[in-house]
Amino acid sequence: MSGGNPCLNCGACCAFFRVSFYWGEVHSDFAVPEALAEPVSFARLAMKGTNQPSPRCVALQGEVGGCVSCSIYENRPGPCRDFEAFDAEGACNRARAAHGLPPLEPPLVAA
């Protein structure tokens, strides 16, 4: 990929992982919409659609591997804010592989 945010034509993580977060995020500065979350424990919520055998976040718009976006991007929960495409654990590439997408290569850094 040449420049830009690789997440804008992927969305694999939004259709692979459970997005679980502290319930207080629905009442925070970012205010995750409560209607898009469901309880998973006493103090944790998950984005609807992600706590399923075949997860897909209800906020994901578009087709995985195509042009995608998050309908609540400015109000997305902490795990989404913290997720990195080029993470050391390879979570992004695991999600991409599950959807038949090639792995991302970290961008080259000029010396």
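Analyst: A residue is buried when its relative accessible area is under 20%, exposed when that area is over 50%, and partly exposed in between. The structure shown here is a predicted model.

User: Why is Phe83 called partly exposed?

Analyst: The relative accessible area of Phe83 is 29%. Buried would need a value under 20% and exposed one over 50%, so Phe83, at 29%, counts as partly exposed. Phe83 sits in the loop between helix H1 (78–82) and helix H2 (91–98).

User: Which residues does Phe83 touch, not counting residues up to four places away in sequence?

Analyst: They are Cys13, Phe17, Ala91 and Cys92. Each of these has heavy atoms within 4.5 Å of Phe83, which is what contact means here. As for Leu36, 47 residues from Phe83 along the chain, the C-alpha atoms of the two are separated by 19 Å.

User: Is Phe17 buried, exposed or partly exposed, and how do you know?

Analyst: Phe17 has a relative accessible area of 21%. Phe17 belongs to the segment before E1. Beyond its neighbours within four places in sequence, Phe17 contacts Thr50, Pro55, Phe83, Ala91, Arg94 and Ala95. Phe17 and Pro79 are 62 residues apart in sequence, while their C-alpha atoms are 10 Å apart in space.

User: What makes E1 and E3 a pair?

Analyst: Two strands pair if there are at least two bridges between them. E1 and strand E3 (residues 44–47) have 3 bridges, so they pair, and the sense is antiparallel. In this pairing Phe21 stands opposite Leu45 in E3.

User: How many bridges join E2 to E3?

Analyst: There are 3 bridges, and the two strands run antiparallel. Here Glu38 is opposite Ala46 in E3. E2 and E3 make a hairpin, with 4 residues between them.

User: Why are E1 and E2 called edge strands?

Analyst: The 3 strands form an open sheet in the order E1-E3-E2, with antiparallel pairing. Strand E1 (20–22) and strand E2 (37–39) each pair on one side only, and they are the edge strands. From one strand to the next, the twist averages 40°.

User: Where is Ser41, and what makes Ser41 partly exposed?

Analyst: Ser41 lies in the loop between E2 and E3. Ser41 and Tyr22 are 19 residues apart in sequence, and their C-alpha atoms are 9.7 Å apart.

User: What volume does the largest pocket have, and which residues are closest to its centre?

Analyst: The volume of the largest pocket is about 630 Å³. The lining has 32 residues, and those closest to the centre are Cys7, Cys13, Cys14, Arg76 and Cys80. Strand E5 (69–70), H1 and H2 each supply at least two residues of this lining.

User: How do the residues of the lining divide into nonpolar, polar and charged?

Analyst: The lining of the largest pocket has 25 nonpolar, 3 polar and 4 charged residues. Cys counts as nonpolar and Arg as charged. Therefore, of the residues closest to the centre, Cys7, Cys13, Cys14 and Cys80 are nonpolar, and Arg76 is charged.

Terms used
Residues are numbered from 1 along each chain as its sequence is written. This is a predicted model: local features need pLDDT of at least 70, side-chain atom pairs count only at pLDDT 80 or more; totals for chains, interfaces and linings use all residues. Side-chain values use heavy atoms; hydrogens and water are left out. Axes are lines fitted to C-alpha atoms, for helices over the stretch in contact, and angles run from 0 to 180 degrees between N-to-C directions. Buried means under 20% relative accessible area, exposed over 50%, partly exposed in between (1.4 Å probe, protein chains only). On a 1 Å grid over the protein atoms alone, a cavity is a set of points where a 1.4 Å probe fits but cannot get out, and a pocket is an open set with protein on both sides within 12 Å along at least five of seven lines; lining residues have an atom within 4 Å of a point. Grid points are joined across faces, edges and corners, and a volume is the space filled by probe spheres set on the points.
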